[in-house]
Amino acid sequence: QVQLVESGGGLVQAGGSLRLSCTASGDIFRISTMGWYRQAPGKQRELVATITRGGSTNYADSLKDRFTFSGDNANTVYLQMNSLQLGDTAVYYCYASISGRDYWGQGTQVTVSS
């Protein structure tokens, strides 16, 4: 099993930036994929970005120009979000996969104001 703890969310004005962090603990060496999803009010959870253990990344096309996903090659991944827009308001969830089983963090709220 793995535990995921996110941090870094908050309130930011449109055009601003935030950096989210997610630290994994537990069976971190069994993680095959790790990344971020988000869920806006009234909408389904959607992909932001993921990375596999082999280094392959997958970004949502609409976000790749403003969001940067990175990791420290240990147990922490980051999501740098720039030029934030009102539509980026959502709960951002850290995600990990081990042997086909999905794990989720508790989520961190990002609110973009005008």
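Rings of Phe, Tyr and Trp (its six-membered ring) count as a pair if their centres lie within 6.5 Å; planes under 30 degrees apart are stacked, over 60 edge-to-face and the rest tilted. By that rule, Tyr-37, Tyr-93, Tyr-95 and Trp-104 make up one aromatic cluster. Keep in mind that this is a predicted model, where local features need pLDDT of at least 70, side-chain atom pairs count only at pLDDT 80 or more, and totals for chains, interfaces and linings use all residues. Residues are numbered from 1 along each chain as its sequence is written, and side-chain values use heavy atoms, with hydrogens and water left out.

Let's walk through the cluster. Searching the whole structure turns up 4 aromatic pairs. One of them is Tyr-37 with Tyr-95, edge-to-face at 5.4 Å centre to centre and 65° between the planes. This pair ties together distant parts of the chain, with Tyr-37 in strand 4 and Tyr-95 in strand 9, 58 residues apart (strands are DSSP runs of E, at least two residues, numbered from the N terminus). Tyr-95 also pairs with Trp-104, this time tilted: 5.0 Å and 55°.

Is Tyr-95 buried or exposed? It's buried, at 10% relative accessible area (buried is under 20%, exposed over 50%, partly exposed in between, with a 1.4 Å probe and protein chains only). Trp-104 is partly exposed at 35%. The charged end of Arg-45 sits over the Trp-104 ring, 4.5 Å from its centre; that label needs CZ of Arg or NZ of Lys within 6 Å of the ring centre and within 35 degrees of the ring normal.

Technical notes
Helix = DSSP H or I, 4+ residues; strand = E, 2+ residues; numbered from the N terminus.
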